[in-house]
Amino acid sequence: MDNIIGQVQKGVTTIRSMNHFCEHMAFVSQVEPKSVGEALEDSNWINAMLEELNQFARNEVWTLVPRSKEMNVIGTKWVFKNKIDEQGVIVRNKARLVAKGYNQKEGIDFGETYALVARLEAVRLLLAYACLKGFRLHQMDVKSAFLNRFIDEEVYMSQPPGFEDHNNPDYVFKLKKALYRLKQAPRQWYERLSNFLLSRGYERGKTDKTLFIKNSCNDIILVQVYVDDIIFGSTNESL
């Protein structure tokens with residue numbers, strides 16, 4: 001063992017794996033910027049920010065309106081994060097525009113904020129039940145989940161740093177849908193998802209409100225919700 005160079009547990013590095021590594025290295029930034037100014041100097045992070053703003057445009061999240069003195073305008077900030085795969089290789093640069101929710105005022109910008117979250121014990125029970133019945137579980141993450149829910153309150157937000165409208169620099173965005181770090185965002189998303197499932201014949205769990213069950217003849221399909229992560233499986237794969 002003393003004559004072996006490197007870590008045995010790491011396995012053999014092949015030319016194919018090196019090519020895979022280099023392909024990702026060429027199209028993503030390896031450094032997370034500490035400010036918007038740093039991000040705007042890197043084309044990879046600019047593309048990541050544009051991708052986020054395109055999500056907002058497709059989901060019709062906001063409208064640009066003149067600013068008035070009566071408005072409580074919430075600030076915005078960019079959050080930068082490198083996504084890595086199971087081998088520790090950076091595969092994606094993720095830029096997320098979030099609201100400064102701590103500037104919200106209760107009764108004006110938000111009302112109810114509480115949202116149900118699956119407990120770890122519930123997830124373990126679902127895994128145990130899947131093992132007992134011998135069926136496969138799937139996991140999905142809803143992309144831009146909070147953008148799928150309309151909000152009831154009037155919420156105004158400043159323009160994204162680095163992407164202000166040059167023709168209307170003093171204008172603000174009036175939100176039509178929830179945004180990350182808004183106090184009401186998790187609750188609004190859970191309500192829309194649960195209403196959708198209930199309208200499709202699912203029943204909400206009596207003890208665990210984040211578990212949804214649908215019976216079909218002698219088979220069932222189970223859906224466990226954890227904010228925007230969903231675990232689901234069925235005793236009949238076609239379901």
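Helices (H or I, at least four residues) and strands (E, at least two) are DSSP runs, numbered from the N terminus, and two strands pair if DSSP finds at least two bridges between them. Welcome to a predicted model, in which residues are numbered from 1 along each chain as its sequence is written, local features need pLDDT of at least 70, and side-chain atom pairs count only at pLDDT 80 or more. Totals for chains, interfaces and linings use all residues, while side-chain values use heavy atoms, with hydrogens and water left out.

**View 1. The E10-E11 hairpin turns through two residues.** E10 and E11 form this hairpin, and Val 227 in the turn has a positive phi of about 55°. The two strands run antiparallel and are joined by six bridges.

**View 2. Five strands make an open antiparallel sheet.** Reading across, the order is E5-E11-E10-E9-E8. At the edges are strand E5 (137-141) and strand E8 (203-204), each of which pairs on one side only. E5 meets E11 over five antiparallel bridges, and here Gln 139 has Ile 231 as its bridge partner in E11. Strand E9 (residues 211-216) is joined to strand E10 (residues 219-226) by six bridges, again antiparallel. Ser 216 stands opposite Asp 219 in E10.

**View 3. Gln 224 sits in strand E10 and is buried.** Its relative accessibility is 2%, where buried means under 20% relative accessible area, exposed over 50% and partly exposed in between (1.4 Å probe, protein chains only). The side chains of Gln 224 and Asp 208 are joined by a polar contact of 3.0 Å. Such a contact is a pair of N or O atoms within 3.5 Å; within protein, one must be able to donate a hydrogen and the other to accept it, and residues adjacent in sequence count only if both atoms are side-chain atoms. Leaving aside residues up to four places away in sequence, Gln 224 touches several others (contact means heavy atoms within 4.5 Å), among them Ala 118, Ala 122, Val 123, Leu 126 and Ile 231.

**View 4. Four strands build an open sheet with mixed pairing.** The order here is E1-E7-E6-E2. Strand E1 (62-65) and strand E2 (73-74) are at the edges with a single partner strand each, so one side of each has no neighbour in the sheet. E1 runs antiparallel to strand E7 (residues 172-175), and four bridges join them. Leu 64 stands opposite Phe 173 in E7.

**View 5. Two cysteines, Cys 131 and Cys 217, are exposed.** The relative accessible area is 66% for Cys 131 and 80% for Cys 217. A search of the whole structure finds zero disulfides, a disulfide being a pair of cysteine sulfur atoms within 2.5 Å.

The protein as a whole has five helices and 11 strands. Of its 239 residues, 37% are buried. Among contacts with a separation of 6 or more, 66% come from residues 24 or more positions apart.
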